[in-house]
Amino acid sequence: MQPDIQLNYWAILAAVAASMVIGFLWYGPILGKAWMKEMGRPADHKRPPSHAARNDPHGDRIVPDRGDARLQRGGVAALSLKIGANASNATYGFFVPFFAWIGFCAPLLLGAVAWENRSWKLFCINAAHYFVSLQAMG
């Protein structure tokens, strides 16, 4: 018998908004200069206006963030069936995002280090961003 999983669309919207704010801050004022240096871009690099509307990184994140939020909601439901009703929401809120990060995000980002000759510093910046973002969504 399949469990009845109810989606809270307001919570999904809040998770998407939180992830976008974290991404804006992470790749902007917090670690933006270090990230650009590791990506090999000059510090004064600006996208041409013709590319800004077409390649908006924050607009493109809406669909993946929404997917991450739904993936985590499904993971919380599956974990609740496995762990049982005794576990707290804090347990779900930490472990589901952690396992999503360790199982999906980190291995994909390791590919950039292994196959694209990206630096470990860039891996750490990007992996930490995903970890913080997934924890906020959780």
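Most residues other than glycine have a negative phi. Asparagine 117 is not a glycine, and yet its phi is positive, at about 55 degrees.

The residues on either side of this position in the numbering form a pair. The side chains of glutamate 116 and arginine 118 meet in a salt bridge, with an N to O distance of 3.6 Å. A search of the whole structure finds one salt bridge. Arginine 118 is partly exposed, with a relative accessible area of 30%.

## Overall architecture

The protein chain contains seven helices and zero strands. Read from the N terminus, its elements therefore follow the order α-α-α-α-α-α-α, given that helices and strands are numbered from that end. Of the 138 residues in the chain, 28% count as buried. The accessible surface amounts to about 9300 Å², and carbon and sulfur atoms account for 65% of this area.

How many of the contacts between residues at least 6 apart in sequence join residues at least 24 apart? The share is 70% in the protein chain. Glycine 40 and arginine 118 are 78 residues apart along the chain, and their C-alpha atoms are separated by 9.9 Å. Valine 96 and leucine 134 are 38 residues apart in sequence, with 8.9 Å between their C-alpha atoms.

The first residues of these two pairs have contrasting surroundings. Glycine 40 belongs to the loop between helix H2 (32-39) and helix H3 (49-54), and with a relative accessible area of 62% it is exposed. Valine 96 belongs to helix H6, and at 11% relative accessibility it counts as buried.

In soluble globular proteins, nonpolar side chains tend to be buried together. In this model, the largest nonpolar core consists of 11 residues: Ala15, Ala100, Trp101, Cys105, Ala106, Leu109, Val113, Phe123, Ala127, Leu134 and Met137. Helix H6 (89-115) and helix H7 each contribute at least two residues to this core. H6 provides the largest share, namely six residues.

A second, separate core has five residues, including Trp35, Met36, Leu122 and Ile125.

## A buried asparagine

Not counting residues up to four places away in sequence, asparagine 126 touches Tyr27, Trp35 and Leu109.

Val21, Phe24, Leu25 and Ile30 make a nonpolar surface patch of about 380 Å². Among them, leucine 25 has its place in helix H1 (residues 9-30). This leucine is partly exposed, with a relative accessible area of 35%.

## Confidence in the model

The mean pLDDT of the protein chain is 75, and 67% of its residues reach 70 or more. Which elements have the lowest and the highest mean pLDDT? The lowest value, 48, belongs to helix H4 (residues 57-60), while the highest, 92, belongs to helix H7 (residues 120-137).

Two stretches call for caution. Over residues 55-61 pLDDT stays under 50, and the model has 11 contacts beyond four places in sequence for this stretch. Over residues 76-85 pLDDT likewise stays under 50, and here the model has 12 such contacts. Where pLDDT is low, the predicted coordinates should not be read in detail.

Methods. Residues numbered from 1 in each chain as written. Predicted model: local features only at pLDDT ≥ 70, side-chain atom pairs only at ≥ 80, totals over all residues. Heavy atoms only, no water. pLDDT = per-residue confidence, 0-100. Helix = DSSP H or I, 4+ residues; strand = E, 2+ residues; numbered from the N terminus. Contact = heavy atoms within 4.5 Å. Patch = residues over 30% accessible without salt bridge, like charges linked within 9 Å, V, L, I, M, F, W, Y side chains within 5 Å. Areas by Shrake-Rupley, 256 points an atom, 1.4 Å probe, with all protein chains shown as cover. Salt bridge = Lys/Arg side-chain N within 4 Å of Asp/Glu carboxyl O. Buried < 20%, exposed > 50% of the residue type's maximum accessible area, 1.4 Å probe, protein only. Core = buried A, V, L, I, M, F, W, Y, C linked by side-chain atoms within 4.5 Å.
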